[in-house]
Amino acid sequence: MSSAAGEDSSSSRKGKEKEEDGAGESHREEGVAVMEGEVDLGDLYGAAAGWVEARTSCPHLGTMPPAGAAELARVPPPDSPCSRCHHPAENWLCLVCKDVLCSRFINKHMLCHYQEKGHCLALSFSDLSVWCFGCDSYLDVQAILELRPVYEIAHLLKFGERPPFRSLEVLDLSTGENRSSSSAA
């Protein structure tokens, strides 16, 4: 279960709740920890804030075949039905074998595929997000260069145009200057 779906119920409580931590008095206001007038910034991010931050790396990327022209030509159209139940919506593309399977909210065929085959990387045809079952997390297709080719093809097939990619700015710590990672290539 993802951290967003399995969110701790204490972090989603509304209202104020008194807590004692030994170092002083603190309380929670609308899901944000406040200690002696200070806000715990960690509570403003991630599941406690109601959103999930995608990972910028994944140890399972090596399970994907290289993104050559022949491999990318195997990406089916985003309106492809589930290969098992033929459901037309909420389908995912296995990034390892290019099979199209329905989500855990339909008949769970993508989840079953992961459990049966171990193929843990999948792209949602609904919103083009990428999920890693092994990491139990969404992956940032903007930051993970290995995901960009298949994401770009899926975006082209879904919308008829290339996706906008944010520039990957890199701070050079030796000089303190920003430089674009695309200019470094």
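**Stop 1**

Select Leu 121: beyond its neighbours within four places in sequence, Leu 121 is in contact (heavy atoms within 4.5 Å) with Cys 58, His 60, Leu 61, Thr 63, Met 64, Leu 93, Cys 94, Leu 95, Val 96, Trp 131, Cys 132 and Leu 139. This is a predicted model, in which local features need pLDDT of at least 70 and side-chain atom pairs count only at pLDDT 80 or more, while totals for chains, interfaces and linings use all residues. Residues are numbered from 1 along each chain as its sequence is written, and side-chain values use heavy atoms, with hydrogens and water left out.

Buried means under 20% relative accessible area, exposed over 50%, and partly exposed in between (1.4 Å probe, protein chains only).

**Stop 1: the whole chain**

Colour by secondary structure to see three helices and eleven strands. Helices (H or I, at least four residues) and strands (E, at least two) are DSSP runs, numbered from the N terminus. Their order from the N terminus is β-β-β-β-α-β-β-α-β-β-β-α-β-β. Of the 185 residues, 35% count as buried.

**Stop 2: salt bridges**

The structure holds four salt bridges, each a side-chain nitrogen of Lys or Arg within 4 Å of a carboxyl oxygen of Asp or Glu.

Select Glu 71 and Lys 98, whose side chains meet in a salt bridge at 3.0 Å, N to O. Glu 71 is in helix H1 and Lys 98 in the loop between E5 and E6, 27 residues apart. Glu 71 is buried at 13% relative accessibility, and Lys 98 is buried at 10%. Glu 71 is also in contact with Pro 65, Pro 66 and Val 96.

Move to Glu 116 and Arg 84, a salt bridge with its closest N and O atoms 3.0 Å apart. Glu 116 lies in helix H2 (residues 109-117) and Arg 84 in the loop between H1 and E5, so the pair ties together parts 32 residues apart in sequence. Glu 116 is exposed at 53%; Arg 84 is partly exposed at 34%.

Finish with Arg 162 and Glu 152, paired in a salt bridge at 2.0 Å, N to O. Arg 162 is exposed, with a relative accessible area of 57%.
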